[in-house]
Amino acid sequence: MDRNLEALFRPKSIAVIGASEKPGKIGYAVMKNLVEYGYEGKIYPVNVKGVEIEINGKKFKSYKSILDVPDEVDMAVIIVPAKFVPQVVEEAGKKGVKVLPIISSGFGELGEEGKKVERQIVETAHKYGMRILGPNIFGVVYTPDKLNATFGPTDVMPGNLALISQSGALGIALMGWTILEKVGLSAVVSVGNKSDIDDADLLEFFKEDDNTKAILIYMEGVKDGRRFMEVAREVSMEKPIIIIKAGRSERGAKAAASHTGSLAGADSIYTAAFKQSGVLRALTIGEAFDWARTLSNLPEPEGENVVILTNGGGIGVMATDAAEEEGLHLYDDLEELKVFANHMPPFGSYKNPVDLTGMAGAESYEGAVRDALANPNMHAVAVLYCQTAVLDPRDLAKIVIREYNESGRKKPLVVAIVGGIEAKEAIDMLNEEGIPAYPEPERAIKSLAALYKWSNWKARQRKK
């Protein structure tokens with residue numbers, strides 16, 4: 001594993017160059033996030049005035065230059081104005097720093113002059129064996145090591161999904177969104193102008209990272225398309241990659257170029273390349289995170305047979321339509337499906353989708369979920385529930401969590417609960433436990449289909 005990238009996610013010590021004592025400044029926010037998220041390594045603020053910086057009652061002595069820091073520094077976060085960055089990079093090199101996340105903007109995104117300076121700082125970094133993340137970024141998060149070196153939200157929920165974003169503002173917003181939606185993250189990386197470390201480098205790191213099970217990228221363009229696709233293909237054989245590729249329209253591509261200095265390229269080329277590399281392309285943020293829930297939390301299916309359990313004919317039909325559209329196979333062996341007759345009144349239907357009827361209470365769902373998880377010929381399960389007075393959705397969530405955990409979580413299971421405030425609370429309970437849950441049946445089915453698409457792509461590659 002690249003020691004520089006190791007230092008980006010697991011630094012033993014961090015210098016914040018451009019640290020500030022004033023709340024509201026980015027140099028203060030990064031210091032505050034490091035402290036509040038619980039980073040256990042050493043933090044060295046660097047401020048030309050040498051001011052004392054206080055965070056939550058904890059006082060930090062600041063150094064006028066990184067060269068004055070008495071100990072070794074693995075990572076230096078740079079937050080000084082663009083004109084001072086070349087000098088700071090040189091000093092960091094002399095200090096023996098391994099990696100430099102550069103938050104400062106005012107480089108390649110401004111045009112040719114800025115690109116020249118960008119190339120210059122990368123050359124300097126490489127001369128000293130350093131790598132640069134950025135510039136024009138909001139920072140980096142790695143939850144297993146309690147590292148939050150960003151000016152984004154502090155309460156990121158730990159999980160198995162690595163999020164890479166080329167857009168700073170959108171990346172920060174997505175961090176907030178994952179907290180609200182209970183999506184657990186292993187890492188968040190803002191790549192900005194990608195002057196040095198790019199998506200391919202990060203994919204190689206996450207491929208080896210035991211804490212990451214799936215990778216989600218917001219991308220506007222790539223600089224070395226061939227290398228990216230080769231690496232993506234290799235990584236897709238181990239872990240799923242979901243990409244939201246912006247700049248699909250001609251006008252959108254121009255906007256991307258002015259935003260991060262990115263060359264977007266013809267969209268049809270990306271679509272074809274993603275397909276060949278096993279990358280799942282999402283068209284919206286919602287779709288990307290829906291898929292990410294299943295791909296970062298669930299095991300791969302061992303076969304094609306999907307069973308839908310529901311208490312409402314309507315949502316069962318909607319889920320069936322979605323399954324058909326996505327090419328999922330609904331298990332149709334009536335002899336085996338007859339087991340569900342034990343958990344429904346005589347007017348229920350054990351044909352798939354299995355309609356437990358609106359009378360279905362805790363015992364019906366408990367028995368049906370248990371039987372579906374126990375049957376080796378049923379390879380994936382979708383549990384749907386329309387909120388009724390018979391069963392509190394939160395009680396259903398507890399049943400599903402218990403049964404799924406007791407079954408050993410050996411097969412994929414998704415949940416959709418349609419209803420009011422209690423339904424939302426139940427969905428949150430499930431997602432906090434790593435069981436993908438949604439407020440609409442189609443979203444649950446399409447997310448399960450994304451898991452099948454990736455798994456089937458891998459199977460085809462192995463046969464080649």
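Helices here are DSSP runs of H or I with at least four residues, numbered from the N terminus. The model is predicted.

The largest pocket has a volume of about 660 Å³. Its lining comprises 28 residues, and Gly18, Val48, Ile79, Val80 and Pro81 are the closest to the pocket centre. Helix 2 (26-36) and helix 3 (85-95) each contribute at least two residues to this lining. Helix 3 provides the largest share, three residues. By class, 14 lining residues of the largest pocket are nonpolar, eight are polar and six are charged.

Helix 3 also packs in a helix pair. Two packed helices are described by the angle between their axes and the distance between the axes. The axes of helix 3 and helix 4 (residues 112-127) come within 9 Å and cross at roughly 10°. Angles under 35 degrees count as roughly parallel, so helix 3 is roughly parallel to helix 4. On the helix 3 side, the contact is made by Val85, Pro86, Val89 and Glu90. Helix 4 contributes Val117, Gln120, Ile121, Thr124, Ala125 and Lys127. The contact of helix 3 with helix 4 has six nonpolar, two polar and two charged residues.

Across the whole structure, the search finds one cavity of 30 Å³ or more. The largest cavity holds about 50 Å³ of space. Its lining consists of Asp198, Asp199, Ala200, Val222, Lys223, Asp224 and Phe228. By class, the lining of the largest cavity has four charged and three nonpolar residues, with no polar ones.

Note on methods:
Residues are numbered from 1 along each chain as its sequence is written. This is a predicted model: local features need pLDDT of at least 70, side-chain atom pairs count only at pLDDT 80 or more; totals for chains, interfaces and linings use all residues. Side-chain values use heavy atoms; hydrogens and water are left out. On a 1 Å grid over the protein atoms alone, a cavity is a set of points where a 1.4 Å probe fits but cannot get out, and a pocket is an open set with protein on both sides within 12 Å along at least five of seven lines; lining residues have an atom within 4 Å of a point. Grid points are joined across faces, edges and corners, and a volume is the space filled by probe spheres set on the points. Ala, Val, Leu, Ile, Met, Phe, Trp, Tyr, Cys and Pro count as nonpolar, Asp, Glu, Lys and Arg as charged, and the others, Gly among them, as polar. Axes are lines fitted to C-alpha atoms, for helices over the stretch in contact, and angles run from 0 to 180 degrees between N-to-C directions. Angles under 35 degrees count as roughly parallel, over 145 as roughly antiparallel, 65 to 115 as roughly perpendicular and the rest as oblique. Contact means heavy atoms within 4.5 Å.
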